[in-house]
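Thank you all for coming; I would like to walk you slowly through one model this morning. Please keep the display open while I talk.

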Amino acid sequence: MTERLGIAGNTIAYEVTGQGPLVVLAHGMGDSRHSYRFVAPALASAGYRVANVDIRGCGDSSLGWDGYSRTDIAGDLVAVVRHLGGPAVIIGQSISGGAATIAAATAPDLITGVIELAPFTRAQSFDLGGLVRVKRFRAGFIQLAQVLLRGSLANWKKYLDVAYPTKPADWHGELARIEATMSEPGRMKVLQAMAKTSPADAGRQLPNVTCPVLVIQGSADPDWVDPRAEGERIIADLPRGLGELAVIEGAGHYPHAQTPDQVLALALPFLARTLPNA
């Protein structure tokens with residue numbers, strides 16, 4: 001059942017399943033909570049209360065927000081945790097990985113751990129050499145540039161084709177669902193607004209995080225020339241001993257949907273360590 005939380009005149013949609021310690025799921029730009037369709041039921045079955053969130057401007061959440069930065073999204077996630085009664089671990093993908101970092105740094109009483117999936121959590125520098133050398137990076141960059149410049153749904157679908165090196169069994173239906181959602185008036189504008197935000201706000205908060213952080217990267221993620229190196233940089237910017245990096249071979253930018261079993265195998269031990277009464 002879809003529930004809604006009012007924030008500053010807008011609404012965040014989410015769905016709660018299961019009972020137990022709280023885990024909050026937050027997806028990436030141009031997506032919705034449906035991207036956790038394989039992970040959320042498994043976490044609920046493992047004994048967690050799972051709040052699967054549509055981040056602002058996405059899915060069933062409202063349009064018309066003042067901003068779409070990681071700091072903005074982090075405030076929404078903290079509000080959801082506070083509303084549902086924390087503490088919680090946040091699992092955030094892509095832009096929401098950076099948002100989860102900010103949430104942990106700014107609400108340490110509520111956030112006991114963070115799992116970042118293919119996260120944009122640091123300011124990015126353009127790698128011209130990598131653009132020439134690495135085909136998957138070049139292919140993803142070209143499609144995302146067209147999305148940013150023209151708001152092209154066709155280019156977003158082409159990006160997703162690169163970002164999922166292998167497709168989930170339900171991919172045909174999932175892609176149709178994404179296309180229908182992104183065709184709604186205003187949704188592409190949100191994606192473009194998110195794409196224009198800098199991860200620097202999240203990067204500045206990495207030294208202020210006090211809870212454990214698990215970063216999960218896919219080795220075939222087209223968003224970086226070297227996904228492992230990006231994960232290592234995030235870990236290095238955290239306080240010593242808090243961060244842990246795992247790389248799933250062959251996974252792209254959506255490991256939770258492409259390789260959910262591997263993500264769960266990494267996430268469940270982390271949750272057992274970081275959530276009380278698990």
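Before I point at anything, a word on how elements are named: helices (H or I, at least four residues) and strands (E, at least two) are DSSP runs, numbered from the N terminus. What you see is a predicted model, in which local features need pLDDT of at least 70 and side-chain atom pairs count only at pLDDT 80 or more, while totals for chains, interfaces and linings use all residues. Residues are numbered from 1 along each chain as its sequence is written, and side-chain values use heavy atoms, with hydrogens and water left out.

Let me begin with a loop residue, G47, which is found between α1 and β4. Is G47 buried, partly exposed or exposed? On our scale, buried means under 20% relative accessible area, exposed over 50%, and partly exposed in between, with a 1.4 Å probe and protein chains only. G47 counts as partly exposed because its relative accessibility is 30%. If we take contact to mean heavy atoms within 4.5 Å, and do not count residues up to four places away in sequence, then G47 touches Q19, G20 and P21. The C-alpha atom of G47 is separated by 10 Å from that of V23, the two residues being 24 apart along the chain.

Which strands does β3 pair with? Two strands are said to pair if DSSP finds at least two bridges between them. By that rule β3 pairs in the parallel sense with β4, residues 49-54, over 5 bridges, and also in the parallel sense with β5, residues 88-93, over 5 bridges. A26 has V53 as its bridge partner in β4, and in β5 A26 stands opposite G92, while V23 stands opposite V89. Together with helix α1, residues 39-45, the strands β3 and β4 make a right-handed β-α-β unit; right-handed here says that, with the strands pointing away from the viewer, the path from the first strand over the helix to the second runs clockwise.

Turning to β5, 6 of its 6 residues are buried, so this strand is largely enclosed by the rest of the structure. A88, I90 and G92 point one way from β5, and V89, I91 and Q93 the other way. On pairing, β5 and β6, residues 111-117, run in the parallel sense over 6 bridges, with Q93 standing opposite L117. The chain crosses from β5 through α3 to β6, and this β-α-β crossover is right-handed.

Leaving aside neighbours within four places in sequence, Q93 is in contact with A26, H27, G28, Y36, L117, H253, Y254 and H256.

Finally, the helix pair: R70, T71, I73, A74, L77 and V78 in α2, residues 70-84, meet I95, S96, G98, A99, I102 and A103 in α3, residues 95-106. By class this contact has 8 nonpolar, 3 polar and 1 charged residues, where Ala, Val, Leu, Ile, Met, Phe, Trp, Tyr, Cys and Pro count as nonpolar, Asp, Glu, Lys and Arg as charged, and the others, Gly among them, as polar.

Technical notes:
Axes are lines fitted to C-alpha atoms, for helices over the stretch in contact, and angles run from 0 to 180 degrees between N-to-C directions.
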